[in-house]
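Try each task before you read its solution.

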Amino acid sequence: MKSIVVDAPAKINLSLDITGIRENGYHNIDTVMQSVGLCDTVTISRMSGQGLYISCNQPRIPCDETNYAHIAASRFFERFGRPDTAISIDIQKRIPSEAGLAGGSADAAGVLVGLNGLLDVGADVETLCGLGLTVGADVPFCIMGGTRRARGVGEEFSILPALPPCHILIAKPAAGISTAESYRRYDRSGARRRPDTDRLVHCLEQADLQGLAKGMYNVLSEVAELPAIEEIRAVMLACGALGAMMTGSGSAVFGLFTSRGQAKHCLRKLYGLAEGVFLTRPVGYGAVVLDMRN
């Protein structure tokens, strides 16, 4: 049967500020987001019969109605109609969970882009992003990718100049952090410091990687309550990272390096501190179709 293969990149936050809370409990944010070459691969196939089936190479990932991929497919069918065949979605996970890397949102983006191509619906990016927002706040970014400033609950985007070429080292501690719990802790304690997001945007406009790296800040890092985060960050800085910071709600930490050799040296030093370590690069795209098979 016909199938489509989609790469779904992770994201990092080069800055993250919380600017308020809405009556419905959602937080307003101001963040600079960057897609990276660390990807999950989503393969969607039409099969005989009826139904929606999810599989994943990671046994800890639920393959039921709570999976973002399942939710995204259901929203797509609600909008455009259910196909006359069964749909199988297989997820090859490389992006760690509970890491602040938008792994679940990336998978949802991959499903929306993949179904759009597989079923020849022809929906535009704006329509797919609107559907994605009903699944999760990070899904629209994961559809578009690149370098963008996001405000509101994460759905108001401004396109930014690309992050200058660099090597991005990502380390995920064994312990993860629940996004909901991270925001609850922030609501209780607030932040002592805030990023100068306008300054970071200026650094991108000037292709000033060093200035950007020194100005990166994430208000949720103050409430992470996980010693491994600061330990990993310290190792990255000692190994020559221009800057290092927790991404999103954590627990993953990333460092920006100009030297691939320094980044690889740091990668080896982090093996004992982190459950997973990944050397990647910035990319200018979101979920992208790799192959269509008949």
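**Exercise 1.** Find how exposed E230 is, then identify its salt-bridge partner.

*Solution.* Start with the surface. E230 has a relative accessible area of 45%. Buried means under 20%, exposed over 50%, and partly exposed in between (1.4 Å probe, protein chains only). So E230 is partly exposed. Next, the partner. A salt bridge needs a side-chain nitrogen of Lys or Arg within 4 Å of a carboxyl oxygen of Asp or Glu. R233 meets E230 at 3.2 Å, N to O. Last, the place. Both lie in helix 8 (residues 227-238), three residues apart, about one turn of the helix. Helices (H or I, at least four residues) and strands (E, at least two) are DSSP runs, numbered from the N terminus.

A note on the model: it is predicted, local features need pLDDT of at least 70, side-chain atom pairs count only at pLDDT 80 or more, and totals for chains, interfaces and linings use all residues. Residues are numbered from 1 along each chain as its sequence is written, and side-chain values use heavy atoms, with hydrogens and water left out.

**Exercise 2.** Describe the salt bridge between R194 and D17.

*Solution.* First, the distance: 2.5 Å from N to O. Second, the positions. R194 sits in the loop between helix 5 (179-189) and helix 6 (197-205), while D17 belongs to strand 1 (residues 3-21). They are 177 residues apart, so the pair links distant parts of the chain. Third, the surface. R194 is partly exposed at 41%, but D17 is buried at 9%.

**Exercise 3.** Which residues form a network with E181?

*Solution.* Salt bridges link E181 with R184, R185, R188 and E225.
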